Amino acid sequence: MEQNVEDYKLIFEKEGVYLHTNAKRSNQDTTIPGFIRIVERAGVPALEWSPLEDEGRNAPAVLYSKKDGEGGEEDTNFDPGYEPDWAVISTVKKDREHVPVKESGQWSFSLPLSELYSLRRARFSLGRNFLVLTSRGGHPLPPLHFHRGGTRELLRALHRYIILDQSPVDGRLFLAYPHDSGALSQSFDKLQLLDDGGSDLVSRFIQDPYATTFGGFSKVTNFFRAAIRPPDSSIHSRTSQDPNLPPQSDEEPGFELITCGVELGPRPDVTRGQPLDKWEEFLDPEGRVKNPEKIKEFVFRGGIVPSLRKEVWKFLLGFYPWNSTAKERENILRVKTDEYFRMKVQWKSVSEEQEMRNSLLRGYRSLIERDVSRTDRHNTFFSGNDNPGLTLLHDVLMTYCMYNFDLGYVQGMSDLLSPLLFITQNEVESFWCLTGFMELLHQNFEESQEAMKQQLLQLSILLKALDPELCDFLDSQDSGSLCFCFRWLLIWFKREFPFEDILILWEVLWTRLPCDNFHLLIACSILQSQRGELIGSDHDFNTILKHINELTMKLDLQSVLRGAEAIYLQLIQCKELPLKVQQVLGLYVPSSSEEASPDSQASETQRLLSQSQAGAASSYAACGSTYP
C-alpha cells in the first residue's frame, strides 16, 4: 500500500495518545503510546492512530472501510474492553492476517471522517478518561487516552470537516455530521428522525422546520443552517429557489452545537470599595431599613466594619426581616430565645440511660464533641481548655440537631458556626444565624451529596467557558471532575482563607450579589490564578491535589474577589453566552409555558450588565465620600 507523497497531507498531529487494547484488564500493561493524526489521502480526510514503534511504516495495520464491505474481512473476535452498549462502533476490517494484541507495533487504525458516527468521552474502571470513536457499524474501536491533553485541539481540527452535535439523550456522546447538506439529509434518513425522506429534506426543513421534524427535534434550525452554510460563507447562501425566506434566529435555546470554546470579550478591571461603616443613617424613625438593596451593594463591594457586623449579619441571615421595626425586633428576639431554650432542654434532659438507647443522639454528640475540640482553636474565643466558647459551640450544635432532626449534625457544620458565634457573642443569636446560613447550605450536607455533585458540574461548565485550555489539562490528568474543590464548596472556603478574611467573604456571599452561585465564580477565580503553575508543570492527579491543598491560607481574598467579579462582568457581556452558563448564574430560567427568544435573552443580559455597571459606579462614588 504505497502512498504517493503528493496525495498525502498532514492536518493535525498529537503525540502522547495511548490506545487501550483492553480497558477491563487493568492489571495488565495494555496501553500503547502513539500518535493521533488527521490526514488527507488523495483528498479524503481520515482520523488515524499509530503506535510510536510504527513511525517508519506507511500504512496502518487496521483499516476501517465503508459500509459496502470492501477492504477486508470482518474481525469478529475483537474485544473492546468495555460493555458494547457504551458505544455503537463499526466493524473492524483488516487487510492482513490477525495481529496479536501484545505486539503493540502492529496496532494502528485509519477511519475516514465520512465514516465517523460519533465521539464519546467515557470513564472506565481504571478511573481514566477515554475518547471512544464510533463509526457507522456495530463493533468497537479501542479507546484512546490523551495522556498530555489535546482533545480540544483535536475537536477544533475535526471541525474543519464535520459538525459535532451533542446527543439529546447522552451528554457524553457527540454525533458527527458532514458539512454538506446531501449527506446531512442521508444521515437523518438513516436515523429515521423524520417522517419521510426525500432529496428536498433540507429545503423543506428551512421553510417549515416545526412541521418537518418531530417535537423533540423542533429546535434544530441553527444546526441545519450551520450544516448547509460552510463555516466561512455569509448569510446569503440560502436556497436560490426562495430568496424571500424570512430571516431565522441564530440562537435557538434548548439545542446547542458542540463548540470549541466561547468567544469572550476582554475581562474588565474591577475595584473593591470601602466597607460599610454607617448603619443608623439607613434606618427610618421606627427602625426599619430604608434601602436594603443599597446596603447589600455596599456590603458586596467592601464588606462591613467589625463594629457593625453583629447587627447587619442578623439581617443578611434572615434572623431579622429588613422591614421590621425596632420594636418588632425586640419581640422577635424574645420569641426566638424562648424557642431556642425549649429545644435545648430537649437534649439536656435526656438521661445517660436514655442516651444509651438512642444511638442517633449518641452519635451526634460524639461527632460534635470531636469536631468542637479542633475547630478554630487558634482563635482566642475558642482557645485553651475549659473555654466557655467551646461549650457554646457544642450546645448550639446539639440544639441544631433538635431543630433539624432529618439532617442532624454533619462534619463541617462546626466550621460554619464558629464565625457566627465569634461575631454575635450570643448563644441564641448565633443559633438563629446558623439556621439562616444552613438554609443556603443544608443541601451540601445531605447524605446523597447530589447538591455537591451538581455544584462541581456547574463549576466545570463555568470553567470550560472561561478557560478551555485549563479544563483540557485537568482532564488529561484525571482531574476534570474538580474533586479537589469539594471542600471549597462544602463550607464556602472556610479552611482556605484566614479567619478575618472569611468574615468578609461570607458577608459578601450572603448579599446574593451579583448573581446566583457567585461562590462558583470565586472558585474559578482561584483556579485561573493558578493556571500558570498547573499547566506549565509536570503535575499529575496527586500533585494537583497537593498543590491545591497547599493554597490554604496563602490566597489573597481581595484579589480573588476582584477576579470573580471581573469574570462575572466578562461573562454577561458575551452576546452568545451558552444557555447552561446562563442557567448556572441565574441569568436565564426557562419558563414552563414559553421559552425566551434570543432577542429577549440578549436584552435581559444587557439589562443585567447595565445594572451591574451602574451599581458599581454608584458604589465607587459613594464609598469615596459618605453614605446617603
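Reader: Which residues touch the most other members in the largest nonpolar core?

Author: Leu505, Leu521 and Ile522 do, in a core of 115 residues. Keep in mind that this is a predicted model.

Reader: Which helix gives the most to this core?

Author: Helix 21, residues 557–572, with 10 residues. Domain 2 (325–447) and domain 3 (448–588) each supply at least three residues to this core.

Reader: What is Leu505 in contact with, leaving aside neighbours within four places in sequence?

Author: Trp492, Phe493, Phe497, Ile522, Leu557 and Leu561.

Reader: And which residues does the second core include?

Author: That separate core has 28 residues. Leu111, Leu141, Ile162 and Phe174 are among them.

Reader: Switching to rings. How many aromatic pairs are there?

Author: The count is 23. One of them joins Trp313 and Trp510 edge-to-face, 4.8 Å centre to centre with 90° between the planes. This pair links distant parts of the chain, 197 residues apart. Trp313 sits in helix 7 (residues 306–316), and Trp510 in helix 17 (residues 499–510).

Reader: Are Trp313 and Trp510 buried or exposed?

Author: Both are buried.

Reader: What about Phe493 and Phe497, how do they pair?

Author: Edge-to-face too, at 6.5 Å centre to centre and 65° between the planes. Phe493 counts as buried because its relative accessible area is 0%. Phe497 is buried as well, at 1%.

Reader: Which rings link into a cluster?

Author: Tyr340, Phe341, Tyr400, Tyr403, Phe431 and Trp432.

Reader: What lies over the face of Trp432?

Author: Lys336, at 4.1 Å from the ring centre. Elsewhere, Arg329 lies over the face of Tyr320, 6.0 Å from the ring centre.

Conventions:
Residues numbered from 1 in each chain as written. Predicted model: local features only at pLDDT ≥ 70, side-chain atom pairs only at ≥ 80, totals over all residues. Heavy atoms only, no water. Core = buried A, V, L, I, M, F, W, Y, C linked by side-chain atoms within 4.5 Å. Buried < 20%, exposed > 50% of the residue type's maximum accessible area, 1.4 Å probe, protein only. Helix = DSSP H or I, 4+ residues; strand = E, 2+ residues; numbered from the N terminus. Domains from an automatic or database assignment. Contact = heavy atoms within 4.5 Å. Phe/Tyr/Trp six-rings, centres within 6.5 Å; stacked < 30°, edge-to-face > 60°. Lys NZ or Arg CZ within 6 Å of the ring centre and 35° of its normal.
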